[in-house]
Amino acid sequence: MRRYELMIILRADVADDRIKAIQERTVRSITESAGRVIKDIPWGRRRLAYEIGGSREGIYQITVFEAPASAVAEIERVLLITEEVVDRKSTRLNSSHT
């Protein structure tokens with residue numbers, strides 16, 4: 001399995017319970033595909049580098065995990081159709097990163 005870092009940016013107006021539900025669904029997708037979460041870091045509300053969808057702020061969530069490539073593709077697919085998500089990016093890390 002390979003190590004990845006997933007950054008999710010949610011709309012700034014998303015309720016806390018919905019943020020938690022999206023993150024729990026993401027973690028569940030990782031673990032159900034025989035992966036494991038290494039770090040789960042809520043960065044909170046931050047200013048975006050550029051405007052996305054009319055917004056200048058977003059809520060950031062970073063997750064470092066190990067999983068098969070097929071799991072990453074499925075997580076990306078689900079996040080792409082989640083209306084609260086304004087952007088997401090998964091990056092493959094070298095094994096020395098944590």
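Q: Which side chain makes a polar contact with the side chain of R3?
A: This is a predicted model, in which local features need pLDDT of at least 70, side-chain atom pairs count only at pLDDT 80 or more, and totals for chains, interfaces and linings use all residues. Residues are numbered from 1 along each chain as its sequence is written, and side-chain values use heavy atoms, leaving out hydrogens and water. A polar contact is a pair of N or O atoms within 3.5 Å; within protein, one must be able to donate a hydrogen and the other to accept it, and residues adjacent in sequence count only if both atoms are side-chain atoms. At 2.8 Å, the partner of R3 is E66.

Q: Is R3 buried or exposed?
A: R3 lies in strand β1, residues 2-11. Helices (H or I, at least four residues) and strands (E, at least two) are DSSP runs, numbered from the N terminus. Buried means under 20% relative accessible area, exposed over 50%, and partly exposed in between, with a 1.4 Å probe and protein chains only. The relative accessibility of R3 is 11%, so R3 is buried.

Q: Which side chain is joined to E84 by a polar contact?
A: E84 sits in the loop between α2 (69-80) and β4 (85-93). Its relative accessible area is 11%, so E84 is buried. Contact means heavy atoms within 4.5 Å; beyond four places in sequence, E84 has such contacts with I9, L10, R11, V14, R18 and I22. The polar contact, at 2.8 Å, is with R18.

Q: Why do α1 and α2 count as roughly antiparallel, and at what angle do they cross?
A: Axes are lines fitted to C-alpha atoms, for helices over the stretch in contact, and angles run from 0 to 180 degrees between N-to-C directions. Angles under 35 degrees count as roughly parallel, over 145 as roughly antiparallel, 65 to 115 as roughly perpendicular and the rest as oblique. α1 (residues 16-32) and α2 are therefore roughly antiparallel. Their axes come within 10 Å, and the crossing angle is roughly 160°.

Q: Which residues of α2 make the contact with α1?
A: α1 passes α2 in a right-handed crossing; a crossing is left-handed if the near helix is turned anticlockwise from the far one by less than a right angle, and right-handed if clockwise. From α1, the contact uses I22, R25, T26, S29 and I30. From α2 come I75, V78 and L79.

Q: How many nonpolar residues does the contact of α1 with α2 have?
A: Ala, Val, Leu, Ile, Met, Phe, Trp, Tyr, Cys and Pro count as nonpolar, Asp, Glu, Lys and Arg as charged, and the others, Gly among them, as polar. By these classes, the contact has 2 polar and 1 charged residues. Its nonpolar count is 5.

Q: Which side chain does Q23 meet in a polar contact?
A: Q23 is in helix α1. At 9% relative accessible area, Q23 is buried. Leaving out residues up to four places away, Q23 touches I8, D40, Q61 and T63. The polar contact, at 2.7 Å, joins the side chain of Q23 to that of D40.

Q: What is the relative accessibility of L48?
A: L48 belongs to strand β2. Beyond four places in sequence, L48 is in contact with I9, S55, R56, E57, G58 and Y60. L48 counts as buried because its relative accessibility is 4%.

Q: How far apart are W43 and I62, C-alpha to C-alpha?
A: W43 lies in strand β2 (residues 36-52) and is partly exposed at 41%. Apart from residues up to four places away, W43 touches Y60 and I62. W43 and I62 are 19 residues apart in sequence, and their C-alpha distance is 7.1 Å.

Q: What is the phi of A34?
A: A34 is in the loop between α1 and β2, and is exposed at 54% relative accessibility. Most residues other than glycine have a negative phi, and most peptide bonds are trans. A34 has a positive phi, near 70°.
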